[in-house]
Amino acid sequence: MSEQDPELQAFAKFIGAIEPWLDEAVLIGGWAHRLYRLHPLGRKLGYLPLTTLDGDVAIPPKLKAHETTVRQRLLDAGFKEEFVGEDRPPATHYHYGKGGGFYAEFLTPLGGSEYDRSGKRKATTEVGGISSQLLRYIEILMISPWKVELGKENGYSFSRKLKVQIANPTSFLAQKILIHEEREPRDRAKDLLYIHDTIEVFTDPSPSDTPAILDECDC
């Protein structure tokens with residue numbers, strides 16, 4: 001992919017902004033699916049990965065404290081907030097660029113009851129100054145994440161190489177299956193494509209070999 005791709009550039013801006021928390025954050029959505037092809041165990045395919053404009057990032061309920069917050073780092077990098085829904089704090093998309101370009105959203109595992117004592121649904125929480133959505137099964141995606149190195153060699157114009165965490169493929173597939181019935185028809189179709197591509201990326205063409213995702217994962 002060209003280094004001039006605006007979505008790739010926006011994603012690189014996002015990774016640079018959250019760099020202090022890269023050892024805690026896990027890419028779990030379409031960008032994890034894209035980055036599987038850069039993992040040493042992945043293989044080249046004859047088609048491009050599905051394009052995605054949103055960057056889904058799983059974060060724990062608490063992040064390590066730094067001199068600034070995740071929110072401030074994103075704003076300083078040029079991201080703008082879009083508040084979605086009426087929850088408090090509101091679900092937030094962090095957009096980069098004009099129009100319908102790249103945006104990121106944060107997701108945190110929902111533990112315990114889905115409702116608080118007043119009967120209100122627990123939909124969001126504040127972590128590191130940003131609003132993160134609370135969802136089931138996110139914790140699965142944070143088990144034994146894999147790491148992918150990004151740098152100029154693979155199209156990311158960082159001054160030095162950065163390692164990002166991505167959901168390991170076994171967890172990625174399991175979570176897609178678990179949430180399948182809850183998804184909208186359009187999202188179900190996209191998830192099935194993600195499942196197909198992920199299996200193909202990590203499966204050796206030889207039928208006698210074990211898929212790489214099973215060899216690598218200890219989950």
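Student: How much space lies in the largest cavity?
Tutor: About 40 Å³. This is a predicted model, where local features need pLDDT of at least 70 and side-chain atom pairs count only at pLDDT 80 or more, while totals for chains, interfaces and linings use all residues. Residues are numbered from 1 along each chain as its sequence is written, and side-chain values use heavy atoms, with hydrogens and water left out.

Student: What counts as a cavity?
Tutor: On a 1 Å grid over the protein atoms alone, a cavity is a set of points where a 1.4 Å probe fits but cannot get out; a pocket is an open set with protein on both sides within 12 Å along at least five of seven lines. Lining residues have an atom within 4 Å of a point.

Student: OK, which residues line the largest cavity?
Tutor: I15, I18, L22, A25, V26, L27, V57, V164 and Q165. By class that's eight nonpolar, one polar and no charged residues.

Student: Which strands does β2 join up with?
Tutor: Two bridges join β2 to β1 (residues 26–27), running antiparallel, and V26 has A58 as its bridge partner. Five bridges join β2 to β5 (residues 103–109), and those two run parallel. There, G55 is partnered with A104.

Student: Switching topic: what's the volume of the largest pocket?
Tutor: About 1000 Å³. Of the 37 residues that line that pocket, the closest to its centre are E105, L107, Q133, L135 and R183. The lining has 15 nonpolar, seven polar and 15 charged residues.

Student: Which element gives the largest share of that lining?
Tutor: Helix α6, with five residues.

Student: And which residues of α6 are buried?
Tutor: D191, Y194, I195, D197, T198 and V201. What covers them includes α2 (30–35) and α5 (169–178).

Conventions: Pairing = 2+ DSSP bridges. Helix = DSSP H or I, 4+ residues; strand = E, 2+ residues; numbered from the N terminus. Buried < 20%, exposed > 50% of the residue type's maximum accessible area, 1.4 Å probe, protein only. Contact = heavy atoms within 4.5 Å. Points joined across faces, edges and corners; volume = space filled by probe spheres on them. Nonpolar A, V, L, I, M, F, W, Y, C, P; charged D, E, K, R; others polar.
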